[in-house]
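My entries follow in the order in which I looked.

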Amino acid sequence: MDLRMKDKVALITGGSVGIGLAVAEAFAREGVHLALCARDEARVQTEGRRIAEAHGVEVLALRADVTEPADVGRLCDAVEETFGGIDVLVNNAGTGSAETFVDAPDEKWQSYWDLHVMAAVRLARRLQPGMTARGGGAIIHNASICATQPLYYEPIYNVTKAALAMMSKCMAHEFIGYGIRVNTINLGLVLTPDWVKTAKTLTADGPTTWQEHLDTIAREATPIGRFATPEEVAPFFVFLASPLASYCVGSSYYVDGGWLRVVN
Ligand code: NDP
């Protein structure tokens with residue numbers, strides 16, 4: 001299948017590890033030039049160089065904290081200077097944590113709102129004119145199955161990912177008028193280094209290995225009985241961004257091994 005993406009330009013936030021990195025590599029495989037950002041400059045630059053060499057595409061890898069409006073501004077300026085604009089924006093940067101309503105302070109709620117919602121709002125607002133001038137494009141929000149089906153240990157994550165999915169729906173309504181298709185992907189369990197690190201911490205002193213711990217989570221949660229790999233979910237992002245998905249607007253797509261328990 002020719003996805004007709006060669007020489008397009010994609011900006012992927014959090015493109016230095018895990019899902020964002022796999023998505024970056026999947027775009028690069030289709031000949032898409034990349035702008036990647038993350039807070040750890042050394043890591044994003046190392047991965048950027050590796051992808052550029054492996055796939056023969058241009059990669060701009062920058063340090064930016066997407067919760068900081070000034071960083072978002074600098075990032076967008078640099079991307080437009082280098083490539084003249086972008087065709088695809090993947091809002092992927094995000095994270096979760098465990099907390100309770102009783103203990104979590106306002107600052108924690110605010111930081112997740114900034115990371116999961118405001119970063120995407122600010123990037124879209126700043127980049128839309130340039131995307132439209134290039135003939136339109138696609139914005140993908142990497143939300144989560146938790147936007148619909150919560151994991152009760154991480155209420156702030158669930159709430160802000162639900163807000164992101166609704167924000168994406170509302171943006172889609174407006175942005176299709178600018179030639180930009182906006183959609184959401186809700187992933188289930190995807191085995192990234194962060195999951196491995198947490199599993200190792202939780203099993204350090206017990207009889208269960210970290211692999212057994214993760215296997216149990218996957219067996220109990222998903223009908224498919226296992227985690228996805230980042231590489232397994234990444235091609236869906238590329239398809240959704242491509243002209244072959246030209247009628248996909250304002251939807252949420254689940255890639256979750258059957259984990260979602262309702263029809264949605
Ligand atoms: P990782 O923790 O592996 O990667 C997160 C990426 O985002 C890193 O590149 C990180 O780099 C970057 N990042 C985090 N905060 C910021 C910030 N403030 N500014 C810029 N970059 C930032 O996460 P995953 O790959 O697991 O998850 C990626 C996305 O997918 C997240 O939005 C997550 O919620 C979603 N998701 C993940 C699932 C999973 O099972 N893994 C399931 C469903 C959804 P750095 O730390 O250097 O900034």
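I started with Asp 7, which I found in the segment before β1. Helices (H or I, at least four residues) and strands (E, at least two) are DSSP runs, numbered from the N terminus. I noted that the model is predicted: local features need pLDDT of at least 70, side-chain atom pairs count only at pLDDT 80 or more, and totals for chains, interfaces and linings use all residues. Residues are numbered from 1 along each chain as its sequence is written, and side-chain values use heavy atoms, with hydrogens and water left out.

I read phi of Asp 7 as near 70°, a positive value in a residue other than glycine. Asp 7 counts as partly exposed because its relative accessibility is 47%. For these words I used one scale: buried is under 20% relative accessible area, exposed is over 50%, and partly exposed is in between (1.4 Å probe, protein chains only).

Arg 4 is also in the segment before β1 (9-13). Its phi is near 55°, again positive in a residue other than glycine. Arg 4 has 52% relative accessibility, so I put it down as exposed.

Next I checked helix α1. Its twelve residues, 18-29, should span 16 Å at 1.5 Å a residue, and its end C-alpha atoms are 17 Å apart, which agrees. The expected span is 1.5 Å times one less than the number of residues.

Is α1 enclosed or open? Eleven of its twelve residues are buried, so α1 is largely enclosed by the rest of the structure. Among the buried ones I listed Gly 18, Leu 21, Glu 25 and Phe 27. After α1 comes Gly 31, with a positive phi near 85°.

Then I turned to the ligand. There are 28 residues around it, and Ser 16, Arg 39, Asn 92, Asn 142 and Tyr 157 come nearest. A residue counts as near if one of its heavy atoms lies within 4 Å. The shell divides into 13 nonpolar, ten polar and five charged residues. Here Ala, Val, Leu, Ile, Met, Phe, Trp, Tyr, Cys and Pro are nonpolar, Asp, Glu, Lys and Arg are charged, and the others, Gly among them, are polar.

Which atoms lie 2.9 Å from an oxygen atom of the ligand? I found a backbone N or O atom of Asp 40 and a polar side-chain atom of Trp 195. Taken alone the ligand exposes 890 Å², and the protein buries 90% of that. Those areas come from the Shrake-Rupley method with a 1.4 Å probe.

Methods:
Polar contact = N/O pair within 3.5 Å; in protein donor to acceptor, adjacent residues only side chain to side chain.
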